[in-house]
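Subject: Handover of a structure and notes on its strands, cavity and pockets

Dear colleague,

I am passing on to you the structure below, together with a short account of what was found in it. Please read the notes with the structure open beside them.

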Amino acid sequence: MKNVIFIAPPAAGKGTISEYLEHKYNYKHISTGDILRNVMKENSELGEEVKKRMEEGELIGDDIILPLFKEELLKINDKPFILDGIPRNIEQAKYLDNLFEELNVNNYTVINIVIENDLLEKRVTGRRICNGCKKTYNIFFDDFKPLTENVCNNCGSLLEARIDDNLETFKARTEKYKLETEPLINYYQQKNKLVIVEASKTQTEIVQEVEKIIEVKND
């Protein structure tokens with residue numbers, strides 16, 4: 001199976017697809033968002049700096065994220081992997097090229113998830129995460145609302161919004177995404193690595209499409 005790099009804005013559906021691939025095909029999901037949230041939980045100067053930047057909608061600098069990311073990638077032990085949140089610009093893509101060469105990684109595909117801005121805004125600002133089991137909900141979509149307001153269906157724990165899931169941060173990140181991340185589309189097209197997936201399709205259709213991309217034969 002191919003390793004996967006996602007190019008997509010936050011809440012475009014990367015997490016849902018990644019969770020499916022993890023459970024069914026034993027992929028290792030490396031999310032820069034998860035890495036940074038774990039750092040924020042630490043009682044450290046770095047954790048406080050990351051928290052401050054994320055609350056203000058800033059993207060975390062390469063001097064912080066790249067060493068943390070490399071550390072996670074080296075833990076994989078030959079599992080197929082999913083990269084979620086990196087690369088976000090051409091400089092990071094070139095860093096990744098060099099790292100892949102160092103680790104002898106060449107079997108990968110880049111999946112660009114395309115989504116309309118209005119839908120993306122609702123996915124971000126309406127997202128709620130369970131404090132206990134980490135299940136994700138959304139207050140704007142009936143299929144993803146909890147049965148009881150602000151309470152997890154699975155474990156009964158309270159739901160909360162991430163500190164960066166607000167309209168102001170969404171607008172700031174969307175603008176930065178357009179400026180920094182979209183040039184990656186051309187970069188990977190030129191390398192013949194890019195495949196486009198439309199987020200407007202049903203979840204089942206998206207999963208089936210991704211399975212074909214990573215060359216998994218359906219039963």
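Predicted model: local features only at pLDDT ≥ 70, side-chain atom pairs only at ≥ 80, totals over all residues.

I begin with strand β4, which covers residues 108-114. Six of its seven residues are buried, so the strand is largely enclosed by the rest of the structure. Strand β4 pairs with strand β1 (residues 3-7) in the parallel sense, over five bridges. Within this pairing, Ile 7 stands opposite Asn 112 of β4. Strand β4 also pairs with strand β8 (residues 194-198), again in the parallel sense and over five bridges. Here Val 110 has Leu 194 in β8 as its bridge partner.

A separate description applies to an open sheet of three strands, whose order is β6-β5-β7 and whose pairing is antiparallel. Strands β6 (136-138) and β7 (159-160) are at the edges and have a single partner strand each, so one side of each is left without a neighbour in the sheet. Strand β5, residues 127-130, is joined to β6 by three bridges in the antiparallel sense. Helix α6 (residues 117-125) lies across β5 and β6, and runs at about 30° to β5.

I turn now to the cavity. The count of cavities of 30 Å³ or more comes to one, and the volume of the largest cavity is about 70 Å³. Which residues line the largest cavity? They are Pro 9, Pro 10, Val 124, Arg 127, Asp 164, Asp 165, Thr 169, Phe 170, Arg 173, Thr 174 and Tyr 177. By class, this lining consists of five nonpolar, two polar and four charged residues. Helix α7, which spans residues 167-181, gives the most to the lining, with five residues.

Finally, there is the second largest pocket, with a volume of about 270 Å³. Its lining is made up of 13 residues, and those nearest its centre are Ile 76, Asp 78, Lys 79, Phe 81 and Val 105. The lining of this pocket divides into eight nonpolar, three polar and two charged residues.

With kind regards

Conventions:
Residues numbered from 1 in each chain as written. Heavy atoms only, no water. 1 Å grid on protein atoms, 1.4 Å probe; cavity = no way out; pocket = protein on both sides within 12 Å on 5 of 7 lines; lining within 4 Å. Points joined across faces, edges and corners; volume = space filled by probe spheres on them. Helix = DSSP H or I, 4+ residues; strand = E, 2+ residues; numbered from the N terminus. Nonpolar A, V, L, I, M, F, W, Y, C, P; charged D, E, K, R; others polar. Pairing = 2+ DSSP bridges. Contact = heavy atoms within 4.5 Å. Axes fitted to C-alpha atoms, helices over the stretch in contact; angles between N-to-C directions. Buried < 20%, exposed > 50% of the residue type's maximum accessible area, 1.4 Å probe, protein only.
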